[in-house]
Amino acid sequence: MIPDRVVARIAARAAGTALHRLTATRYADADLAAPRAHAATHEGTARLALTLDLPYPLDISGTLRQLQREIRDQVARMTGLDISEVMLTVRRLVVPGQPARVR
């Protein structure tokens, strides 16, 4: 059995890699924070919840759907778990070249 924290780290790495691949050519100077992940595993399945930054402007819904697919596929391939859910939360939208706003 793979610990939840290990599955979460794999998911966070998969999200970062996929996000970089999907956006690096247009948004190389965007100051995106590393994705954060939480995983809950039970009897060979896992539910993933990730929080991430996205560069703006971009097709948000299309990018999130692609990220969900890639994260699910990569985590399943690396762990052998059936991924039942990949929930993504956008922490902030980052406009490249502009300073981050903090609340």
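Helices (H or I, at least four residues) and strands (E, at least two) are DSSP runs, numbered from the N terminus. I keep that in mind for every entry, and I note that this is a predicted model.

Entry 1, the overall order. I read along the sequence and wrote down the pattern α-β-β-α-β. The count for the chain is 2 helices and 3 strands. I then looked up the radius of gyration, which is 14 Å, close to the 13 Å from the globule rule for 103 residues, so the chain is as compact as a globular protein of that length. The C-alpha trace spans about 45 × 25 × 20 Å along its principal axes.

I asked in which sense strand 1 and strand 2 pair. Strand 1 covers residues 36-42, strand 2 covers residues 45-55, and the pairing is antiparallel over 7 bridges. I found histidine 38 opposite alanine 49 of strand 2. These two strands form a hairpin with 2 residues between them. In the turn, glutamate 43 has a positive phi of about 50 degrees.

I looked up how helix 1 (residues 4-23) packs with helix 2 (residues 60-79): the angle is about 135 degrees and the axes are 9 Å apart. That angle makes helix 1 oblique to helix 2. Their crossing is right-handed. On the helix 1 side, the residues in contact include Val7, Ile10, Ala11 and Leu22. On the helix 2 side, they include Leu67, Glu70, Ile71 and Met78. Sorted by class, this contact has 12 nonpolar, 4 polar and 2 charged residues.

Terms used: Residues are numbered from 1 along each chain as its sequence is written. This is a predicted model: local features need pLDDT of at least 70, side-chain atom pairs count only at pLDDT 80 or more; totals for chains, interfaces and linings use all residues. Side-chain values use heavy atoms; hydrogens and water are left out. Two strands pair if DSSP finds at least two bridges between them. Axes are lines fitted to C-alpha atoms, for helices over the stretch in contact, and angles run from 0 to 180 degrees between N-to-C directions. Angles under 35 degrees count as roughly parallel, over 145 as roughly antiparallel, 65 to 115 as roughly perpendicular and the rest as oblique. A crossing is left-handed if the near helix is turned anticlockwise from the far one by less than a right angle, and right-handed if clockwise. Contact means heavy atoms within 4.5 Å. Ala, Val, Leu, Ile, Met, Phe, Trp, Tyr, Cys and Pro count as nonpolar, Asp, Glu, Lys and Arg as charged, and the others, Gly among them, as polar. The radius of gyration is taken over C-alpha atoms; the globule rule is 2.2 Å times the number of residues to the power 0.38.
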